[in-house]
Amino acid sequence: MMGPSHALSGAAAWLAGSWALDTFAGYSQSPLAVAVGATVCAGGALLPDLDLSGKVTRNQGGATVARTFGVFSLFVAEVIEKFSLGIYTATRLSRDPRRNNGHRTFTHTLPFAALVGWGTTALATHYGKWAVVGIIFFMAGLALRGLFDEWAERAGWVIVTLCSAAIALFTAARLPGDRGYPMLGFAVGVGCFVHLLGDIITSAGVPILWPIPTGRRMWRMVGVPNGIAVRVGGKTETIVLRTAFTVVALLAIAAMFAPGLLHRFELDAWARER
């Protein structure tokens with residue numbers, strides 16, 4: 001799937017999950033906490049594609065999300081791609097093909113999703129406010145690049161970076177510490193997991209079973225058959241799926257906050273009548 005679809009799916013999953021927690025478990029969050037969680041989850045849904053590097057010195061190539069912060073994020077993508085390729089090469093079995101790049105390897109696995117989720121929470125919990133600022137800054141940048149890809153391409157990475165910084169500084173000090181820190185890591189992990197689900201419905205698939213060996217292969221790509229697979233960039237993805245993700249997100253927002261706003265409006269009207 002393409003970046004905008006991944007980002008939308010992450011935001012929709014978080015908003016729908018927040019509604020479910022509020023409705024069935026009584027776990028309510030402030031509008032700001034929900035917005036930050038959706039932003040971080042949208043960014044997390046793009047994080048696995050940082051394993052596709054490009055031409056760092058010329059700020060070209062690679063995954064779109066790898067150019068979020070210009071040459072800086074392209075350099076990070078280069079490191080992640082080589083690291084992923086190293087893990088693939090070290091753990092491949094006899095029937096795993098040789099590769100010269102690490103795209104759709106380690107960062108497209110369940111252990112990676114769990115690791116970055118846990119690491120995000122540990123980082124924020126241990127280092128506190130400034131770690132939270134950095135996490136939100138980075139994830140907000142990825143989310144902006146994915147959700148508003150055409151605007152981000154026109155505006156350039158400097159504007160995206162400034163907007164990400166503004167979002168981080170505005171929200172970090174306002175998130176409740178007892179909920180904000182664990183939920184940040186959970187949002188990143190959920191986003192990565194949603195990314196895997198999005199890539200599974202394409203014909204290329206992802207190594208979702210790693211590190212469980214199957215048939216002398218450690219890196220078996222799991223996807224749907226070509227006949228029913230979603231074509232990357234096709235109408236099913238860009239029209240049907242993105243519309244569905246948008247509808248789910250809007251319905252979840254309305255279900256969570258519209259009753260409260262309506263109740264407040266009714267109270268204000270009653271107070272004016274008195």
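How many nonpolar, polar and charged residues are in the lining of the largest pocket? Let's open that pocket and see.

This is a predicted model, in which local features need pLDDT of at least 70, side-chain atom pairs count only at pLDDT 80 or more, and totals for chains, interfaces and linings use all residues. Residues are numbered from 1 along each chain as its sequence is written, and side-chain values use heavy atoms, with hydrogens and water left out.

**Stop 1: the largest pocket**

Select Met2, Gly3, Pro4, Asp49 and Thr64, which lie nearest the centre of the largest pocket among its 17 lining residues. A pocket here is an open set of points on a 1 Å grid over the protein atoms alone where a 1.4 Å probe fits, with protein on both sides within 12 Å along at least five of seven lines; lining residues have an atom within 4 Å of a point. The space inside is about 290 Å³, a volume being what probe spheres set on the points fill. Now colour the lining by class: seven residues are nonpolar, four polar and six charged. Ala, Val, Leu, Ile, Met, Phe, Trp, Tyr, Cys and Pro count as nonpolar, Asp, Glu, Lys and Arg as charged, and the others, Gly among them, as polar. Show α1 (3-24) and α5 (129-147) too, as each supplies at least two lining residues; helices are DSSP runs (H or I, at least four residues) numbered from the N terminus.

**Stop 2: the second largest pocket**

Next, pick Ala35, Val36, Ala38, Thr39 and Ile167, the residues nearest the centre of a pocket lined by 16. Two or more lining residues come from each of α2 (31-44), α5 and α7 (157-172), and α2 gives the most, with six. About 180 Å³ of space lies here, and the lining has 14 nonpolar residues, two polar and no charged.

**Stop 3: where α4 meets α5**

Select Thr120, Leu123, Ala124 and Tyr127 of α4, then Lys129, Trp130, Ala131, Val132 and Ile135 of α5, to see the contact (heavy atoms within 4.5 Å).

**Stop 4: Asp199**

Finally, go to Asp199 in helix α8 (residues 177-200). Asp199 is buried, with a relative accessible area of 1% (buried means under 20%, with a 1.4 Å probe and protein chains only). The Asp199 side chain makes a polar contact with the side chain of His195 at 3.0 Å (a pair of N or O atoms within 3.5 Å, one able to donate a hydrogen and the other to accept it). Leaving out residues up to four places away in sequence, Asp199 touches Met1, His6, Arg104, His108, Gly205 and Val206.

Technical notes: Buried means under 20% relative accessible area, exposed over 50%, partly exposed in between (1.4 Å probe, protein chains only).
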